Amino acid sequence: MSDVRLVFLESIEKGTRKNELECFLNMKDEISITIKDESEHYPVTISLNVPTAIRLHKTLRNVINEAKEVKNG
């Protein structure tokens, strides 16, 4: 198991950086994604098995490509 946690900060364009998205490998070798919101009392975590995480990755890649096309089109 890796000892790495990757944290993504909220877009500065929104005006604040109060929210974070954290990604890490949990004790069950699942990919966990936690969203921390300073206005909430507790973070929200979802854990995905590897096949589901791969599916999420593909979906995000497709949505990113669509967003690029809209921005460039």
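This is a short tour of a predicted model, stop by stop.

Residues are numbered from 1 along each chain as its sequence is written. Local features need pLDDT of at least 70, side-chain atom pairs count only at pLDDT 80 or more, and totals for chains, interfaces and linings use all residues, while side-chain values use heavy atoms, with hydrogens and water left out.

**Stop 1: the sheet**

Select the strands. Strands (E, at least two residues) and helices (H or I, at least four) are DSSP runs, numbered from the N terminus. Here 4 strands make an open sheet in the order 1-2-3-4, with antiparallel pairing. Strand 1 and strand 4 (44–48) are at the edges with a single partner strand each, so one side of each has no neighbour in the sheet. On average, neighbouring strands of this sheet are turned by 15 degrees against each other, direction ignored. Axes are lines fitted to C-alpha atoms (for helices, over the stretch in contact), and angles run from 0 to 180 degrees between N-to-C directions.

**Stop 2: strand by strand**

Strands pair if DSSP finds at least two bridges between them. Start with strand 1 and strand 2: they are antiparallel and joined by 5 bridges. Pick Arg5, and find Phe24 opposite in strand 2. Then pick Phe8, whose bridge partner in strand 2 is Leu21.

Move on to strand 2 and strand 3, antiparallel over 7 bridges. Glu20 faces Lys36 of strand 3. These two strands form a hairpin with 5 residues between them. Select Asp29 in the turn: its phi is positive, about 60 degrees.

Next, strand 3 and strand 4 pair antiparallel through 5 bridges. Ile35 has Val44 as its bridge partner in strand 4. This hairpin has 6 residues between its strands.

**Stop 3: Asn26**

Go back to the loop between strand 2 (19–25) and strand 3 (31–37), and select Asn26. Is Asn26 buried or exposed? Asn26 is buried, at a relative accessible area of 11%. Buried means under 20% relative accessible area, exposed over 50%, and partly exposed in between (1.4 Å probe, protein chains only).

Now show what surrounds the Asn26 side chain. One of its polar atoms lies 2.8 Å from the backbone nitrogen of Lys28. The Asn26 side chain also makes a polar contact with the side chain of Ser47, at 3.3 Å. A polar contact is a pair of N or O atoms within 3.5 Å; within protein, one must be able to donate a hydrogen and the other to accept it, and residues adjacent in sequence count only if both atoms are side-chain atoms.

**Stop 4: the largest pocket**

The largest pocket holds about 240 Å³ of space. Of its 13 lining residues, select those closest to the centre: Cys23, Ile33, Leu56, His57 and Leu60. Strand 1 (5–9), strand 2, strand 3 and helix 1 (50–72) each give two or more residues to the lining. Helix 1 gives the most, with 6 residues.

A pocket, on a 1 Å grid over the protein atoms alone, is an open set of points where a 1.4 Å probe fits, with protein on both sides within 12 Å along at least five of seven lines; lining residues have an atom within 4 Å of a point.

How values were computed:
Grid points are joined across faces, edges and corners, and a volume is the space filled by probe spheres set on the points.
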